[in-house]
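User: Hello! I am new to this structure and would like to learn how to read it. Could you walk me through it?

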Amino acid sequence: MASSRTCLSRDMGWLENTELCGSHSLDQTVAENGAVTFSLQKLDSVGSTNEWVSAHHSTLPSNTLVYTLNQTQGKGRNGRVWASRPGDSVAFSLLVDRLPDDILPTWVPLLAGVSVVAIVTEIGVTGASLKWPNDVLVEGRKLAGILVEVLPDSRMVVGVGVNIASTLDSLPH
């Protein structure tokens with residue numbers, strides 16, 4: 001059943017009832033990607049998806065994606081806070097393998113940001129751009145943030161938070 005809730009508000013020139021909210025199944029979307037096998041874990045509520053993956057990384061396979069619509073203590077670079085009301089954003093963290101030695105880990109946030117811009121543009125968000133190194137903006141407002149952390153086993157946690165039920169005026173600058 002489709003949700004009647006407006007997500008990625010029309011006030012921003014975005015789509016109404018996009019596939020990022022309502023009854024759309026993230027599990028289905030990821031499972032249909034034939035290139036990589038993912039292990040998915042949905043958390044009803046969590047302080048931080050990055051911290052959860054970091055705390056459990058020794059028992060998780062690479063390509064584990066943990067996601068929630070209720071992240072209560074999200075974090076950003078330099079100790080900044082990523083705050084939202086339950087259901088207003090989707091937060092997810094992907095545990096990825098160590099990169100080959102000839103690829104610098106500093107490229108990962110940029111690649112994640114470019115990917116987020118491409119995905120939100122594909123679903124109809126207009127004017128999304130990347131503010132290097134880790135913010136996705138629409139009209140100067142923050143739609144998404146990316147935080148990449150390297151774990152002791154050299155794998156990385158790529159964390160992304162996307163505002164999905166906000167009006168342009170309510171997004172942070």
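This is a predicted model: local features need pLDDT of at least 70, side-chain atom pairs count only at pLDDT 80 or more; totals for chains, interfaces and linings use all residues.

User: How many strands form the open sheet, and in what order do they come?

Analyst: As a general idea, the strands of a sheet pair through backbone hydrogen bonds, either parallel or antiparallel. Here, 7 strands form an open sheet, in the order 1-2-5-9-8-7-6, and the pairing is mixed. Strand 1 (39-42) and strand 6 (128-131) stand at the edges; each has a single partner strand, so one side of each is left without a neighbour in the sheet. On average, neighbouring strands are turned by 20° against each other, direction ignored.

User: How does strand 1 run relative to strand 2, parallel or antiparallel?

Analyst: Strand 1 and strand 2 (residues 64-68) run parallel, and 4 bridges join them. To find a spot to look at, take Leu 40, which stands opposite Leu 65 in strand 2.

User: Which strands does helix 2 touch?

Analyst: Helix 2 (residues 49-56) packs on the sheet and touches strand 1, strand 2, strand 5 (89-96), strand 8 (141-150) and strand 9 (156-163). The direction of helix 2 makes about 30° with that of strand 5. Helix 3 (residues 107-122) also packs on the sheet, touching strand 6, strand 7 (135-138), strand 8 and strand 9. The direction of helix 3 makes about 170° with that of strand 6.

User: How many residues are in the largest nonpolar core, and which have the most contacts inside it?

Analyst: In soluble globular proteins, nonpolar side chains tend to be buried together. The largest nonpolar core in this model has 21 residues, and those with the most contacts inside it are Val 116, Val 120, Val 125, Ala 128, Val 136, Leu 143 and Val 162. Two or more residues each come from strand 5, helix 3, strand 7, strand 8 and strand 9. Helix 3 gives the largest share, 5 residues. A second, separate core of 9 residues includes Leu 43, Trp 52, Leu 151 and Val 157.

User: Is Asp 135 buried or exposed?

Analyst: A relative accessible area under 20% counts as buried. Asp 135 has a value of 12%, so Asp 135 is buried. Asp 135 is found in strand 7, and its side chain makes a polar contact with the side chain of Lys 142 (3.1 Å). Leaving out residues up to four places away in sequence, Asp 135 touches Ser 129, Leu 130, Lys 142, Ala 144 and Gly 145.

Note on methods:
Residues are numbered from 1 along each chain as its sequence is written. Side-chain values use heavy atoms; hydrogens and water are left out. Two strands pair if DSSP finds at least two bridges between them. Axes are lines fitted to C-alpha atoms, for helices over the stretch in contact, and angles run from 0 to 180 degrees between N-to-C directions. Contact means heavy atoms within 4.5 Å. A nonpolar core is a set of buried Ala, Val, Leu, Ile, Met, Phe, Trp, Tyr and Cys residues joined through side-chain atoms within 4.5 Å. Buried means under 20% relative accessible area, exposed over 50%, partly exposed in between (1.4 Å probe, protein chains only). A polar contact is a pair of N or O atoms within 3.5 Å; within protein, one must be able to donate a hydrogen and the other to accept it, and residues adjacent in sequence count only if both atoms are side-chain atoms.
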